[in-house]
Amino acid sequence: MIQIHCPYCGETLPELEFAYAGEAHIDRPVSPTEQTDEEWAEFLFMRQNVKGPHFERWRHVHGCGRFFNAVRNTITDRFYTTYKAGEPRPDLATLLEEDNK
Amino acid sequence: MSTYRVRGKGRVDASKPIVFTFDGKPYTGVKGDTVASALLSHGVHLMGRSFKYHRPRGAIAAGSEEPNALIGTRRGAGRFEPNTRATVQEIWEGLETTSQNKFPSLKFDVGAVNDAAYMMFSAGFYYKTFMWPRSFWDKVYEPFIRAAAGLGVSPTEHDPDTYASRNLYCDLLIVGAGPAGIAAAREASGKGLSVVLVDENAEMGGSILSEPQAKIEGKTSWDWLSDELADLKAAGVKLMTRTTAIAYYHENLIGLVEKLTDHLPTLPADTPRERMWRVRAKQVVLAQGALEKPLVFHGNDRPGVMLAGSAQTYLNRYGVKVGNSPVVVTSHDSAWYAAFDLQDAGAYVQAIVDTRAQVRQDLQAEARARGIPVKLSHTVTATGGRLRVNNVRVNPLSGTNVGAGQWIKCDALLMSGGWTPSLHLFSHTKGSLTWDDDLTTFLPKDTPEDCVITGASRGLWGTEAALRDGATRVGEALAKLGVEATATEYTVADDRTGSGVMMRELPTDRSPGKAKAFVDFQNDVTAKDLRLAVREGMRSIEHVKRYTTNGMATDQGKMSNINGLNIAADALGKKQPQVGLTTFRPPYTPTTFGAFAGYHRGEHFEVVRKTQIDGWAEENGAVFEPVGQWRRARYFPKAGETMDQAVTRECAATRASVGIFDASTLGKIEVVGPDAAEFVNRMYTNPFLKLAPGKCRYGLLLGDDGYIRDDGVIARVEEDRFHVTTTTGGAARVLNMMEDYLQTEWPDLNVWLTSTTEQWSTVALNGPNAAKLLAPFVEGIELTEEAFPHMSCVNCTVAGYPARLWRVSFTGEIGFEINVAAPYGRDLWEKLWEAGQKYDITAYGTETMHVLRAEKGYIIVGQDTDGTVTPQDAGMDWAVGKKKADFVGMRGLKRPDLVAENRKQLVGLLTEDNSWLEEGAQIVFDPKQPIPMTMRGHVTSSYNQGTTGRPIALAVIEGGHSKMGETVYIPMPDRTIAAKITGTVFYDPENSRLKI
């Protein structure tokens, strides 16, 4: 069982307290009615399905209840970082470099 | 003393005899014996029958890797366990054991006819044989496979034992208490670290237990061992025996199963049978040792044929000679020592047969000194004996030529094909392996976990090498823990080191196609099967494995994987690493369901949520049903009533006068804040901005894909406060969805969401007399049509309790829902119940609620919808706000496939012959079409207990809304039912009964 750092609680806690919530950085369009069918389908259904480092959302559902973002390697399950919702996407190359140290 | 027990040998206590039974016959062993060692001490090698061919089998090993000697063990009622390894189970007075896979008896087994039909049962047999004709599958093949499949017999009784689970956090966990593990523990001890050392055996020591001749640091190995363990204990190291590390999970989480009672003659009170430990260790040392490889030759599975190292263990640890006149066949030095030990213990070793031309001079000299005949460059081509090996055919080798065979009489055949490092837990870490050409085996390379691996698991051989490696390698782990380490330099005299060569099938002068040379003993896979699989096109080891089932038995190929790989690689003409090794997966050894379940059984398996009124329902004879995790009263039968009778009565009484219903399980979410109305308006399809405080509105929740997710009544309690209800099962899901949109899409909205499901008790009153019954209890509002119309809400006092009173109806009758603080629920209920007696008040359950709502065409999300139903499909377009700028699902509803013609739509169904339809029954338009018919929809709700005098049903049907009055057909096994499509409202379509 992996352990996950909640950026809101500031603690690293067992996976059991968290729930996966899909790919991160997919913004719901501000004016959905102006979206074409293709754009809306892209927003609803299309996901990266990354093999390797993946930007994704988690919720500390049995803790503070907050949604946050994480970069996790889908092969090894390693978490490179977690950060608050709304914060910019961290630079992957830098993250991987830091992780190698 | 039994015939094969050697006086003065072993770590067993010969002065303490223990009687147990095997297949009903009593045997006497001694304290310290396993079932296998005790049976072997009586010369009993035959312990079971094999899985596929029902061949007689004996113990081949002495530890948990044993594939053959699987037995059932019993300790009185309920305590039967199949597939126990006889080599692990310790004996105790009165233990009952039975052999498996035999009928009628172990010595004469009818199923052994499979053995005679060996040529038929080759690799892929099932795939090839059970293909056709198709009609044979149900009647012939499946019953045959079911009868033949499986090892042992499943227990049928309730397990009376308890199983515990615990968490443990430590600095260092060491798996395996052989020389490497103990040396690692010594370096780590006394440094202020929490150190745990675990071993699956009853005693710690590993290979040291089988090598009493060695002198470690000037002491005999056994003296050294007991001193060392005492020191470790004194230094605070946690020593755990009979504890198997079954799995290595992410971030150094290791699962341990500790067996606490299986070895005890009487069960101690209040002690679990097994305890699952979830250990989170900062650092881990894996010192699991190595497993000996069998040699692959015709007849290598006969009882009496066993691993040489195991024979050495039986002798030195248990004081049991596995035979008086054994033959040793080997390609590795280690087996020579087994021969020497047996000879020294009084056996007459008939020959040491070594496939190698060159063997160390000192070993040959020792054999000569003992008078043991040595046959170098020889192979074994067959064994004889029915239930026990009694001779072995030995042939000289000259290059690739196999000379004439010579039979040697023997009562045991000890084999060694070398040793395979035990990499199971290392593999669980996703550790990478590297192929070692010299050792012809895989060795551990890198692992992403904080873990080091040491000793024989790294391919090292000999006690001194293992001790030194354990002491050195643990240093890496200690350094990461910030502790300085200096590796102790151990010196071992009379150490046994050695080397060997890898063999595939032993060379033979017989037809390889007829050889029964076993690779996987538990699954009865032979070398011929593996080569056949390659000939038939299997290229990857994963395919070879699945086609032949090599390594797929409960021992997970502990003995067979490397032999299987070597043979498959040879057949493919490739190097082993190009063919690859299959993945080891948890658990390391078979583990009981009890250990995994732990405390989560019976009432503790899952939480049962009960309302405050649940006790009243129980006292009044309710029959309950689970809804989500809730237990809800389904109906309240009177004496002698069936469910149908009770529900019919409850429905009629509610429509005639008044019914009372516990609605407390409905999900409730308090939405509060300056932007609460905006938030609810964006979440739900209906318009909420202009809903006045004191009013309720039905709300439909969609996903952004446009499909119905949930529904419920929403009350605007105050300007900035909404009381949202959800379906009973959907509460957590809806709150999660709301939080998701609030936190991540609209963080600008100033809104707080709180789950209040358990803060309120909700009592529903429905029926023409509901207002009359309730009015005297209410202070603060008059229950008239004018003052408190349908879909109103008010904060008032009911029966003296502060309440949120709603006028809503899920039955079509005048209805109220009274929300009071949860603890007052039962008192309120009882007061209403008492006062309601003059109206013949009737308590009803979920079943009646379902019937009454269906008569009104009110949907139940998840029953009448299935995640692909839009509001339009459900005939609820009225609930979708037409002037809203956006709500969740609004854009989704315009998706091309959601506005397409001929979607499945919710309609009513009335059967032409007044029969009741099965929920889930499929609907067709043309009942005369050939099978398979085109299915056009299905029945979602169907009841026959209502007040309309006939069965009613709801269904989703293609284009249903434009097919009113048309007839559709529901084919059932015995007949086809015709039904007419109608609207969904079967009762009071004018809603006249809602009025006070």
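The model is predicted. Chain A has two helices and six strands, while chain B holds, among other elements, a five-stranded open sheet with parallel pairing and a five-stranded open sheet with mixed pairing. Chain A and chain B bury about 2100 Å² between them.

**Chain A**

- Read from the N terminus, the elements of chain A follow the pattern β-β-β-α-β-β-β-α.
- Along the principal axes, the C-alpha atoms of chain A fill a box of roughly 45 × 30 × 20 Å.
- Strand S5 (residues 67–73) and strand S6 (residues 79–84) of chain A run antiparallel and are joined by five bridges.
- S5(A) and S6(A) make a hairpin, with five residues between the two strands.
- In the turn of that hairpin, A:Asp77 has a positive phi of about 70 degrees.

**The contact between the chains**

- The size of an interface is often given as the accessible area lost when the parts come together.
- For chains A and B this area is about 2100 Å², and 46% of it lies on carbon and sulfur atoms.
- On the side of chain A, the residues that lose the most area to chain B are A:Met1, A:Arg28 and A:Phe67, which together account for 30% of what that side buries.
- Counted by residues, the contact takes 24 from chain A and 27 from chain B.

**The parallel sheet of chain B**

- Strands of a sheet pair through backbone hydrogen bonds, either parallel or antiparallel.
- The strand order in this open sheet of chain B is S17-S25-S18-S19-S20, and the pairing is parallel.
- Strand S17 (305–307) and strand S20 (374–376) of chain B each have a single partner strand, so they stand at the edges and one side of each has no neighbour in the sheet.
- On average, neighbouring strands of this sheet are turned by 20 degrees against each other, direction ignored.
- Three bridges link S17(B) to strand S25 (residues 412–416) of chain B in the parallel sense.
- Opposite B:Leu307 stands B:Met415 in S25(B).
- Helix H7 (residues 308–318) of chain B lies across S17 and S25 of chain B, and runs at about 85 degrees to S17(B).

**The mixed sheet of chain B**

- In the other open sheet of chain B, the order is S2-S1-S7-S5-S6, and the pairing is mixed.
- Strand S2 (25–31) and strand S6 (80–85) of chain B are the edge strands, and each of them pairs on one side only.
- From one strand to the next, the twist averages 35 degrees.
- Strand S1 (residues 13–22) and strand S7 (residues 96–99) of chain B run parallel and share two bridges.
- B:Thr21 has B:Glu96 of S7(B) opposite it.

**A hairpin of chain B**

- Strand S3 (residues 46–49) and strand S4 (residues 56–58) of chain B pair in the antiparallel sense over three bridges.
- B:Gly48 has B:Arg57 in S4(B) as its bridge partner.
- Six residues lie between S3(B) and S4(B) in this hairpin, and B:His54 in the turn has a positive phi of about 55 degrees.

**Helix pairs of chain B**

- Two packed helices are described by the angle between their axes and the distance between the axes.
- Helix H5 (residues 179–188) and helix H11 (residues 463–480) of chain B have axes 7 Å apart and pack at an angle of about 40 degrees.
- That angle makes H5(B) oblique to H11(B), and the crossing of the two is right-handed.
- Residues of H5(B) in the contact include B:Ala180, B:Ala183 and B:Ala184, and among those of H11(B) are B:Leu467, B:Gly470 and B:Val474.
- The contact of H5(B) with H11(B) has 10 nonpolar, two polar and one charged residues.
- The axes of H7(B) and helix H8 (residues 334–344) of chain B come within 8 Å and cross at roughly 35 degrees, in a left-handed crossing.
- Among the residues that make this contact are B:Ala311 and B:Leu315 of H7(B), and B:Tyr337 and B:Asp341 of H8(B).
- By class, the residues of the contact of H7(B) with H8(B) are seven nonpolar, three polar and one charged.

Definitions and conventions: Residues numbered from 1 in each chain as written. Chains lettered and ligands numbered in written order. Predicted model: local features only at pLDDT ≥ 70, side-chain atom pairs only at ≥ 80, totals over all residues. Heavy atoms only, no water. Pairing = 2+ DSSP bridges. Helix = DSSP H or I, 4+ residues; strand = E, 2+ residues; numbered from the N terminus. Axes fitted to C-alpha atoms, helices over the stretch in contact; angles between N-to-C directions. Contact = heavy atoms within 4.5 Å. Parallel < 35°, antiparallel > 145°, perpendicular 65-115°, else oblique. Left-handed = near helix turned anticlockwise from the far one by under 90°. Nonpolar A, V, L, I, M, F, W, Y, C, P; charged D, E, K, R; others polar. Buried area = accessible area lost by both parts, 1.4 Å probe.
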